[in-house]
Amino acid sequence: MARTPSVGKKTSGAKASGGSGSAAKLRKRAGQTAAVAADPATGAPAKTASEGASSRRPGRPPGASRGAEQRTRLLDAALELFARQGIVDTTLGQVAREAGFTPAMMHYYFKTRDQLLDVLIDERFLPLRAKLSGSFQTNPDDPIAGITLLAQRFVEVAGDYPWFPSLWIREVISEGGLLKQRMHERFGNANQKSGIEFIEKWQKEGKLNRELEPSLVFLSVIGLTILPLATSSMWRNDPARRKLTADDIARHAVALLTHGVTPPAAA
């Protein structure tokens with residue numbers, strides 16, 4: 001007698017097994033070809049689920065080197081916009097567009113404008129602040145050398161960082177500048193006090209004109225160096241001034257500060 005029932009059970013089991021296996025394959029294939037998401041940096045399609053199955057979080061730039069480059073571009077774009085239109089009038093979305101990224105990429109690195117500003121202070125402004133500091137301390141007994149060095153450093157920094165003059169005028173010298181407020185909150189005015197003390201000391205020693213107002217010397221150096229550089233786009237086409245260089249501006253500032261309009265005494 002043929003055992004058809006058992007054969008039927010076998011066949012039925014095989015079908016069930018085959019169906020289960022096919023379903024698993026379909027699920028696997030579906031996972032490999034899952035819908036792709038937009039790349040937060042450029043808006044272009046991202047990798048498939050299987051290709052992006054690494055441990056990185058959504059929006060995280062693939063690769064440390066690429067991530068560092070993107071972050072640097074965002075900081076550079078922020079500085080350009082801050083110098084051009086001011087910090088208050090610049091949004092994170094504008095910074096992202098200036099750098100060629102989407103708002104999602106900007107948000108990955110900087111959640112708020114305050115956070116962005118703090119990073120800029122730590123990574124971009126503090127090195128400049130250190131470079132501009134110490135001119136008087138380097139020449140404690142020679143005010144002319146100290147003032148000359150300060151003027152030269154302002155011009156050098158402006159040459160190395162084209163955004164610096166406009167940003168400094170807009171956000172540090174101007175009343176209510178957001179950068180000035182944040183810098184003062186973090187570092188106080190110790191550098192300013194130190195500079196004033198040096199001017200007063202030199203005046204008492206007879207090495208510097210007593211008619212000078214100590215609190216205005218630093219601002220005078222800025223006005224004679226940074227202001228011409230910040231407004232250079234306005235006078236570069238002027239035949240009388242278009243040939244001026246940064247060195248010419250520094251030389252003029254030092255001459256005016258140290259000798260005024262009076263010819264220097266003959267040696």
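Which helix holds both F198 and W202, and how many residues apart are they? I looked this up before anything else. Both lie in helix 10 (residues 190–204), 4 residues apart, about one turn of the helix. Helices here are DSSP runs of H or I with at least four residues, strands are runs of E with at least two, and numbering goes from the N terminus.

**Ground rules.** I am reading a predicted model, where local features need pLDDT of at least 70, side-chain atom pairs count only at pLDDT 80 or more, and totals for chains, interfaces and linings use all residues. Residues are numbered from 1 along each chain as its sequence is written, and side-chain values use heavy atoms, with hydrogens and water left out.

**Confidence.** I checked pLDDT, the predictor's confidence in each residue from 0 to 100. The mean for the protein is 80, and 74% of its residues reach 70 or more. Helix 1 (residues 4–32) has the lowest mean pLDDT among the elements, 47, while helix 3 (residues 92–99) has the highest, 96.

**Overall build.** I counted 13 helices and 0 strands. Of the 267 residues, 31% count as buried, meaning under 20% relative accessible area, with exposed over 50% and partly exposed in between (1.4 Å probe, protein chains only). Among contacts between residues at least 6 apart in sequence, 62% join residues at least 24 apart.

**Aromatic rings.** Next I looked for ring pairs: rings of Phe, Tyr and Trp (its six-membered ring) pair if their centres lie within 6.5 Å, and planes under 30 degrees apart are stacked, over 60 edge-to-face, the rest tilted. The count comes to 11 aromatic pairs. W163 and F164 have ring centres 6.5 Å apart and planes at 75°, so I noted this pair as edge-to-face. W163 counts as buried at 9% relative accessibility, and F164 is buried too, at 1%. Back to F198 and W202: their pair is tilted, with 5.5 Å centre to centre and 45° between the planes. Both of these residues are buried. I also found ring pairs linking F125, F154, Y161, W163, F164, W168 and F218 into a cluster.

**One last look.** I173 sits in helix 8 (residues 164–173). At 34% relative accessibility, I173 counts as partly exposed.

Terms used:
Contact means heavy atoms within 4.5 Å.
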